[in-house]
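Let's take a walk through a protein structure together. Keep the picture in view as you read.

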Amino acid sequence: MARPTIISKTPQHLRVPPNLPLERPPFSWSQAAKELEGLPGGGVNIAHEAVDRQVRRGLGSKTALRIVRKRGPAQDISYAELSSRTSRFANVLQTLGVAAGEAVFSLLGRQAELYVAVLGTLKAGRVFCPLFSAFGPEPIATRMGIGEGRVLVTTQRLYERKVRSMRDQLPTLHHVLLVSDGDADVVISDADAAAGVRSWDALLASASPIFQTAATTAETPGVMHFTSGTTGKPKGALHVHGAVVLHQSTGRSVLDLHDDDIYWCTADPGWVTGMSYGIIAPLCCGVTSIVDEADFEAERWYRILAEQQVTVWYTAPTAVRMLMKAGPELPKRFDLSSLRFAGSVGEPLNPEAVWWGQEVLGRPFHDNWWQTETGGIMVANTAAMPIKPGSMGKPVPGIDAAIVSVGDDGHVTVVTAPDVEGELALKPGWPSMFRTYLHEPARYEKCFKGGWYLTGDLARRDDDGYFWFVGRADDVIKSAGHLIGPFEVESALMEHAAVAEAGVIGKPDEMAGNIIKAFVVTRPGIERTPALRDELLGFSRTRLGPAVAPREIDFVDDLPKTRSGKIMRRLLRSRELGLPDGDVSTLEGSAP
Ligand code: ATP
Ligand code: MG
């Protein structure tokens with residue numbers, strides 16, 4: 001029997017009734033900006049809105065960040081403390097002579113100093129670029145080279161292991177600020193001091209806690225992010241301070257953040273989700289954010305949800321699938337009743353995962369879609385609308401999205417009929433839109449055609465205005481005249497009780513052009529027999545029909561993923577075909 005459409009169970013927080021009219025309520029970015037304070041003189045600054053405005057609103061003593069340590073008690077940082085520490089860091093940058101617009105990089109775990117460095121840099125009107133702490137020396141040096149990093153904030157241990165040997169490749173790097181690893185004081189030799197190495201603690205202690213926020217405008221560059229590298233070499237996207245208007249508005253309209261929420265975004269700030277929705281949006285909405293210092297571990301995550309009484313949770317499909325793999329018994333040991341809203345982003349969310357949330361956690365996952373380039377959420381299942389499992393929802397207020405087809409001559413035609421596959425496109429002009437790809441202006445220009453930003457993702461829109469992800473343009477498979485999105489095939493396989501995860505590719509075939517090949521990770525305790533393979537082939541043929549079902553299935557222990565948790569189908573493909581791997585700097589498990 002088909003399962004009914006899920007209605008999000010958050011009636012007390014609904015601001016509009018669940019039977020939404022198709023017309024959207026009036027919305028304008030200038031109206032949305034009025035939710036923020038702005039700077040005297042008309043500018044806007046992310047750190048001002050996220051931190052200092054909250055102190056002025058009377059939230060100074062409220063916990064802004066609760067850092068759950070690997071061991072020991074949690075560390076609470078109030079809005080007032082965050083305000084004074086970020087002012088200290090802004091003063092440090094001033095004292096070091098870092099000019100407006102110059103870049104500060106971080107190579108840190110999820111620790112207090114990372115949050116202070118991000119917000120202090122923005123307060124000072126310098127540009128911030130976070131690096132994921134598990135990167136090895138090469139990816140660090142490449143990104144710092146592209147972003148022309150002037151300052152690096154890192155720990156002594158990470159500096160020794162990953163940066164010191166690369167210093168001669170980093171001519172723009174003048175200052176390295178070392179944070180203690182916790183168990184030992186920072187030690188700086190005379191030679192290091194001569195090379196610009198300083199102690200973070202000492203510099204902050206001697207800086208004033210008062211700083212007048214830089215007079216940034218909506219167009220002043222604020223944050224650089226590198227894409228996940230799922231389809232190839234990561235690109236550097238530049239974002240501006242005006243983006244904060246969208247972060248605040250989607251924090252409210254999509255994540256449903258209210259002042260009394262305890263919110264947990266599981267993404268690392270090394271990726272755009274961890275910045276836009278792990279730092280900026282929640283602080284702008286005045287909530288308390290949980291930061292987990294440790295890496296994924298199913299039991300730990302359930303414990304955090306229960307003990308911290310998380311009300312709003314924003315995570316990713318790969319994490320949801322790992323929780324599903326850990327089984328339904330584990331969550332029963334925890335009281336998850338505080339959870340009011342669960343969101344997911346980063347990859348397509350299999351319908352099975354939405355159902356699992358409803359059945360096991362008592363809350364369905366609300367999928368939403370966006371990219372590093374868009375800077376914030378563009379298409380979403382919000383708390384205020386019925387979820388269609390497998391759909392990424394509808395465009396958020398202020399966003400015009402369409403399905404378009406791009407002709408060989410570059411002409412863009414908007415597809416108005418429902419249920420037709422095409423490229424997902426957005427009307428440029430939303431505040432958090434990237435402003436360039438660093439050192440690749442031509443590539444940036446190529447993303448805009450016929451008055452649209454072309455996302456590189458294929459999707460379709462149904463009669464009710466919901467968007468359905470089909471696949472990345474690079475991953476879509478042409479087989480016997482059909483265009484097949486791997487997500488559809490993977491989702492069907494996931495419905496089988498033996499399957500924990502699946503990755504699907506096209507394998508060249510003389511007759512069909514391509515045949516569908518699936519790589520399947522089984523659930524713990526399942527024996528991978530030829531009979532199971534046959535069963536899965538039959539199961540998917542029944543679900544999908546012979547034209548779309550896989551013709552080959554391989555059992556694997558793991559799927560290659562980016563460090564941000566996305567399946568790298570291009571590696572499944574290159575390895576199957578014996579081709580070179582290409583850029584693997586973001587591959588999970590690659591040499592640190
Ligand atoms: P690169 O551009 O370097 O290949 P990437 O596209 O994975 O990497 P991100 O910007 O982190 O880098 O990811 C954005 C992409 O992730 C989207 O374009 C889309 O393909 C995918 N994505 C994000 N959210 C969703 C979602 N809810 N459903 C389907 N796909 C999603
Ligand atoms: Mg991309």
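**A helix, a sheet and a methionine**

Let's start with helix 14, residues 351–361, which lies across strand 13 and strand 15 (365–369). Compared with strand 15, helix 14 runs at about 150°. Keep in mind that you're looking at a predicted model.

Now for the sheet itself. Strands of a sheet pair through backbone hydrogen bonds, either parallel or antiparallel. Here, nine strands make up an open sheet with mixed pairing, and if you go across, the order is 3-2-12-11-13-14-15-16-18. At the edges you'll find strand 3 (75–78) and strand 18 (394–395), each of them pairing on one side only.

Strand 3 pairs with strand 2 (residues 63–68) in the antiparallel sense, over four bridges.

Next, hop over to M392, in the loop between strand 17 (386–387) and strand 18. Is M392 buried or exposed? Its relative accessibility is 3%, so M392 counts as buried. Leaving aside residues up to four places away in sequence, M392 touches D367, N368, W369, V379, A380, N381, L424, A459, F467 and F469. As for T86, it sits 306 residues from M392 along the chain, and the C-alpha atoms of the two are separated by 36 Å.

Definitions and conventions: Residues numbered from 1 in each chain as written. Chains lettered and ligands numbered in written order. Predicted model: local features only at pLDDT ≥ 70, side-chain atom pairs only at ≥ 80, totals over all residues. Heavy atoms only, no water. Pairing = 2+ DSSP bridges. Helix = DSSP H or I, 4+ residues; strand = E, 2+ residues; numbered from the N terminus. Contact = heavy atoms within 4.5 Å. Axes fitted to C-alpha atoms, helices over the stretch in contact; angles between N-to-C directions. Buried < 20%, exposed > 50% of the residue type's maximum accessible area, 1.4 Å probe, protein only.
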